[in-house]
Structure formats: structure tokens, C-alpha cells
Amino acid sequence: MTSVQKLSAKVATFAAVLAVSALSSNVAHAASVANGGFEAGLTGWAVVDQPSSSGSWFSTGGGGSPQSGFSIPAPSEGSSYAVTDQFGPGSHVLFQDVLLEAGSKHTLKFNWFAQDTTNSGPIDAGTMTAFGGANQHFRVDLVAATFTDWFGASSSNAGVLANLLAPTAQGSTVSGFNTTTFDLTPWAGSTVRLAFREVDNQGFFQAGVDGVAVNSSATAVPTPALLPGLIGMGIAALRKRKNEGVEQPSEA
Ligand SMILES: [Ca+2]
């Protein structure tokens, strides 16, 4: 093996190690959702109920809703999930902040249902307040980690970075979960607040959430297309050193 060949092999090895280490660091720091399957109740999640609301978000195993007793689906995975329930008008938020590592691709996935026992379809007053006109729907938003204006009278979209699920209401009785995926890569390098928002003032409404997860993968790994360039740079460096007489060929 000539010196040029040896150096080429070293450069190729270095590039391979670089690729592997980039993958490893990504796995170690990938975005993760705490208790995304709600198997530990609502641990890791924050709940905010609009003042004067009836009801809240609850942990459930399915069967009958926690307060009003309406039939609700079995969990989409594991043995429990999060659901809203109530005895009267209210607005409820379930949220968690998620750190999205820079240099990675992030795909959010979550399972949901939106059981409106009034069968009236989504009614959107344009805000998430339960006390400003007919309002009966479920929506999912991405907001900044500093966002707190959940029930503002101006607009449901105020401060929203992205609407992940438009105002929705299914009929009754819902038999299972829907699945939504969303690309969070544009927010890589920041912490975002993932918010499940339900409002009702027309009748009983059960919004369910389960299986919330972010799948992260590396985007900054050196690709095979870069390797010839790296090897070429190594060969050029060796030739320069040889011309300067710093290093003699080890084999004739
Ligand atoms: Ca679960």
C-alpha cells in the first residue's frame, strides 16, 4: 500500500467514525415526550382550566368518561390515556414543553378523538373561551414555551406557531382513535409547547389523547457524496508534504 493509499484509507476511516459519532450524539439528545402514552397518569404534563370551568383533563382507562359517564374508547396503546370531561361549560388545556435538538429531523405523532355528544359538529367562536358565545371543539397547537394566553378573547390563533389539528368535533359515540403526524423540524434548536385544547358550552365533550411521541433522526451526518472530496483533500495534503520533502514514501 502506498502512502497515498494509506492516507486515503485513514481519511475514509475518519469520515466513517464522524458519521457514526454524529448518529450516536443524535440518539443521546433526541427530542422526547415525557409520559407521552399517559401510562403514568398525567405526570409530565401541565393542565390549565379556564377559571369558572366545569371539568378538566383526567387519566382514564377508557370505558366510561370520568365525570359524566359517557362511553369512550379503549386506550390506543397501553392501559391509559388523557381525556376531558365535565358537568358544564368549560375550556381545558393539556400541554408539555418539548426540546427539539438542533441539526435533527423531528416528526410528531399523536392519537386523538373528539367526542361531541351533542352531534352538532365543530362550533368555533374564534377563541378558546367557554364564556363568549357558542363554542364546542378540540384543536391542537404548537406555541412558544412562554405562551400562557390560553383563553384570550382576541383569537385562538394568537401566539400560535402552528395549528396541528384544526378545530374538530366528531359525533357520538366515538369507537376509536385517529392518528395525526406533523413535521416539527422547522423548530429544531428550540423548545416548543405542544398544547391540546378543548372547549365546550353546548353539551358534554370528551377529547382524548394518547401515544404522543417525537421521532428524531440525524440530518447532519456526512453523506457518501462528501467522502471523495474528503479523500481528495487528504491526497492533496500528502502531495504537498512530499513536495516539501517533509515525508518520504515508505515504499518504493
Ligand atoms: Ca396509553
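Mentor: Helices (H or I, at least four residues) and strands (E, at least two) are DSSP runs, numbered from the N terminus. This is a predicted model, in which local features need pLDDT of at least 70 and side-chain atom pairs count only at pLDDT 80 or more, while totals for chains, interfaces and linings use all residues. Residues are numbered from 1 along each chain as its sequence is written.

Trainee: How many helices and strands does the protein have?

Mentor: There are two helices and 12 strands. Read from the N terminus, the order is α-β-β-β-β-β-β-β-β-β-β-β-β-α.

Trainee: And what share of the residues count as buried?

Mentor: Of 252 residues, 33% are buried. A residue is buried if 20 or more other C-beta atoms, placed from the backbone, lie within 10 Å of its own, exposed if 12 or fewer, and partly exposed in between.

Trainee: Which residues touch the most other members of the largest nonpolar core?

Mentor: A82, L94, A195 and V209 do, in a core of 42 residues. Strands 2 (56-60), 5 (81-85), 6 (90-100), 7 (104-116), 8 (136-144), 11 (190-200) and 12 (205-218) each give two or more residues to this core. By definition, a nonpolar core is a set of buried Ala, Val, Leu, Ile, Met, Phe, Trp, Tyr and Cys residues joined through C-beta atoms within 7 Å.

Trainee: What is L94 in contact with, leaving aside neighbours within four places in sequence?

Mentor: The partners of L94 are W45, V47, W57, A82, F196 and V209. Contact here requires C-beta atoms, placed from the backbone, within 7 Å.

Trainee: Turning to strand 7, which strands does it pair with, and in what direction do they run?

Mentor: Strand 7 runs antiparallel to strand 12, with 12 bridges joining them. Six bridges join strand 7 to strand 10 (residues 178-183), also antiparallel. Pairing requires that DSSP finds at least two bridges between two strands. N111 stands opposite D210 in strand 12, and L108 stands opposite F182 in strand 10.

Trainee: How many residues of strand 7 are buried?

Mentor: 10 of its 13 residues are buried, so strand 7 is mostly covered.

Technical notes
Two residues are in contact if their C-beta atoms, placed from the backbone, lie within 7 Å.
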